[in-house]
Amino acid sequence: MSVWHQIFNFADYGQLLSLVRNSIIAGLILGIVGGLISTFVMMRDLPFAVHGISELSFAGASGALLLGVNVVVGSLTGSILAALTIGALGSRARDRNSIIGVLMPFGLGLGVLFLSLYKGRAANKFGLLTGQIVAVDTPQLAWLLGTSALVLLGLLLVWRPLTFASTDAELAAARGVPVKALSTIFMLLLGLSVAMSVQIVGALLVLSIICTPAAAAMRVTASPHVVTLLSVLFGVVSVVGGILLSLGSNIPISPYVTTISFAIYLVCRALGNRRARPVSHAVAPAVAPTRSTVTG
Amino acid sequence: MSAPVLEIHDGSLSFGARTLWSDLDLTVQPGEFLAVLGANGSGKTSLLRVILGQQRLGSGTVKIAGHPARRGSRDVGYVPQQRRIDALTPLRARDLVGQGLDGHRWGIGRPSGARRRRIESLLDQVGASDYANRPVGLLSGGEQQRVRIAQALIGDPRLLLCDEPLLSLDPHSQSTTTALVDQRRRTADTAVVFVTHEINPVLPYVDRVLYLAGGTFRVGSVDEVLNSATLSALYQTPVEVIRSGGRILVAGLPETIGQPGHEPHHVLGAS
């Protein structure tokens with residue numbers, strides 16, 4: 001029973017809620033940005049890159065902590081450098097994966113070094129890896145708002161050509177879409193989003209916001225609009241839901257966020273399997289009548 | 001006759017010391033079906049890249065509907081090779097067709113009835129209405145090619161470029177795909193440049209053939225190009241062309257052409 005109370009404790013909930021207004025706003029924004037950018041992460045097959053970027057973002061943030069400068073700036077620097085490196089060196093999937101595999105432990109190692117040298121509060125260290133949303137203060141929220149506005153604006157601007165380039169790069173290039181430039185722009189936006197997420201859920205758990213929501217949505221529909229809406233919904237439910245559940249406890253929010261996000265994925269996967277079965281049966285007979293109409 | 005859709009004048013292309021082709025003069029009229037044949041590495045794909053504006057000619061000029069070739073020209077529709085699409089790709093057949101209309105534009109776009117009707121009319125033209133809402137990753141190869149043709153045609157191009165669109169399709173899908181392309185050039189006078197290494201599936205429709213081999217080329221009707229004398233001269237080795245039951249078989253193509261590492265190509269073969 002006592003463990004249960006440590007995990008879920010809703011005493012004085014109303015009072016707590018007013019204290020974490022900032023965090024809930026932050027969660028909402030992060031859910032929206034994460035949901036949107038995850039659809040492209042999935043289309044471009046970049047989940048591993050997200051993980052790699054988040055480890056370098058962690059290195060940047062812990063370096064900033066050690067030097068006593070703005071942690072958000074440190075985190076942004078690390079993740080943008082990583083994102084651009086991965087984008088520039090890894091246009092082919094094999095190259096990309098090996099580059100990420102090389103970069104990621106280096107980033108983690110640097111981060112560990114910086115944190116061991118850091119003499120400040122232990123909670124700050126742990127937070128960079130596993131999340132600290134309850135501690136979102138007003139200047140941090142301002143950073144978060146600014147970064148999200150930039151990411152959202154950027155994504156909306158490149159939405160159609162980026163979708164085209166992400167689903168069929170060769171064809172998009174033949175149609176005059178600037179595939180390479182879009183790839184660089186996307187890596188930049190991804191770097192920004194990852195740095196934001198590291199602030200909130202921690203470097204180890206970024207994938208639950210930037211990957212899982214779209215991975216779940218793609219299981220239940222192939223309509224691009226519905227995928228986007230569901231992915232945003234799943235992102236918001238995971239992050240805000242995680243914050244609300246974690247309020248009374250003194251456990252970081254990340255286990256709540258990752259568990260909700262994982263549960264949504266499991267449900268979508270089960271629904272998707274049910275959906276896929278009748279479709280695959282329908283393929284064979286559906287071909288026959290249309291064939292005759294064209295040849296005839 | 002109206003102005004040509006594609007004009008290449010004195011075109012040449014080389015990579016380093018290796019000349020793919022030179023002194024190429026080629027004119028394609030509206031409604032004409034040109035098949036481009038040749039071994040791998042003979043410059044078929046590079047020719048497409050030149051027409052798409054992705055590759056500059058070493059010398060000479062290339063014009064599409066009277067204007068110099070440029071990237072993203074609306075006058076050119078492009079049908080790529082069939083390749084596997086991931087089953088989870090979040091696009092339905094109708095979305096893939098829509099990309100041909102505005103996939104290259106900035107912004108998120110607004111849904112409109114006119115856009116939807118246009119997409120549905122194209123899906124109907126290629127006989128793909130039945131699976132308009134099915135995920136593209138779950139379509140068969142032949143179904144995917146129909147949808148890709150609709151995507152290429154939705155911008156009303158004057159020239160349709162097909163890059164080995166029959167590769168890895170079963171014979172039935174090969175014939176329905178070529179029939180669709182042929183139907184379009186008859187109804188809309190769209191010129192067709194069709195790169196293939198299999199002449200037989202397109203034989204009933206071909207007006208002229210461009211055959212690339214070993215740094216040179218021949219242009220002409222099927223009979224003028226696909227005969228033993230012409231191909232032997234192109235490859236500088238005895239090549240035998242056999243016609244049998246409306247099909248063309250070529251025997252004796254050299255193992256490698258020019259540089260090592262190029263797979264030879266049967267122009268035809270079975271199937």
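1. Two residues count as in contact here if their C-beta atoms, placed from the backbone, lie within 7 Å. On that basis, among contacts in chain A between residues at least 6 apart in sequence, 76% join residues at least 24 apart. The model is a predicted one.

2. Chain A has 13 helices and zero strands.

3. On overall dimensions, the C-alpha trace of chain A spans about 80 × 45 × 30 Å along its principal axes. The radius of gyration of chain A is 21 Å; a compact globule with 296 residues would have one near 19 Å, and the two agree. Of the 296 residues in chain A, 48% are buried.

4. One helix pair in chain A can be described in detail. Helix α5 (residues 71-89) of chain A packs against helix α10 (residues 179-201) of chain A at an angle of about 145°, and their axes are 8 Å apart. The crossing of α5(A) and α10(A) is right-handed. On the α5(A) side the contact residues include A:V72, A:L76, A:I80, A:A83 and A:G87; on the α10(A) side they include A:S183, A:M187, A:L190, A:V194 and A:V198. By class, the contact has 14 nonpolar, seven polar and no charged residues.

5. Chain B contains an open sheet of six strands, ordered β6-β7-β8-β3-β9-β10, with mixed pairing. The edges are β6 (76-79) and β10 (216-220) of chain B; each has a single partner strand, so one side of each is left without a neighbour in the sheet. From one strand to the next the twist averages 15°.

6. Within this sheet, β3(B) pairs in the parallel sense with β8(B) over four bridges, and B:A35 has B:F194 in β8(B) as its bridge partner. β3(B) also runs parallel to β9(B), to which five bridges join it; there B:L37 stands opposite B:Y211 in β9(B). Strand β9 (residues 208-213) of chain B in turn pairs with β10(B) in the antiparallel sense, over five bridges. B:Y211 has B:R218 as its bridge partner in β10(B).

7. Is β3(B) enclosed or open to the outside? Six of the six residues of β3(B) are buried, so the strand is largely enclosed by the rest of the structure. In a regular strand the side chains alternate between the two faces of the sheet. In β3(B), B:F33, B:A35 and B:L37 point one way, while B:L34, B:V36 and B:G38 point the other way, and all are buried.

8. Strand β4 (residues 59-64) of chain B pairs with β5(B) in the antiparallel sense over two bridges, and B:K63 stands opposite B:P68 in β5(B).

Terms used. Residues numbered from 1 in each chain as written. Chains lettered and ligands numbered in written order. Predicted model: local features only at pLDDT ≥ 70, side-chain atom pairs only at ≥ 80, totals over all residues. Axes fitted to C-alpha atoms, helices over the stretch in contact; angles between N-to-C directions. Left-handed = near helix turned anticlockwise from the far one by under 90°. Nonpolar A, V, L, I, M, F, W, Y, C, P; charged D, E, K, R; others polar. Pairing = 2+ DSSP bridges. Rg over C-alpha atoms; globule rule 2.2 N^0.38 Å. Buried ≥ 20, exposed ≤ 12 C-beta atoms within 10 Å, placed from the backbone.
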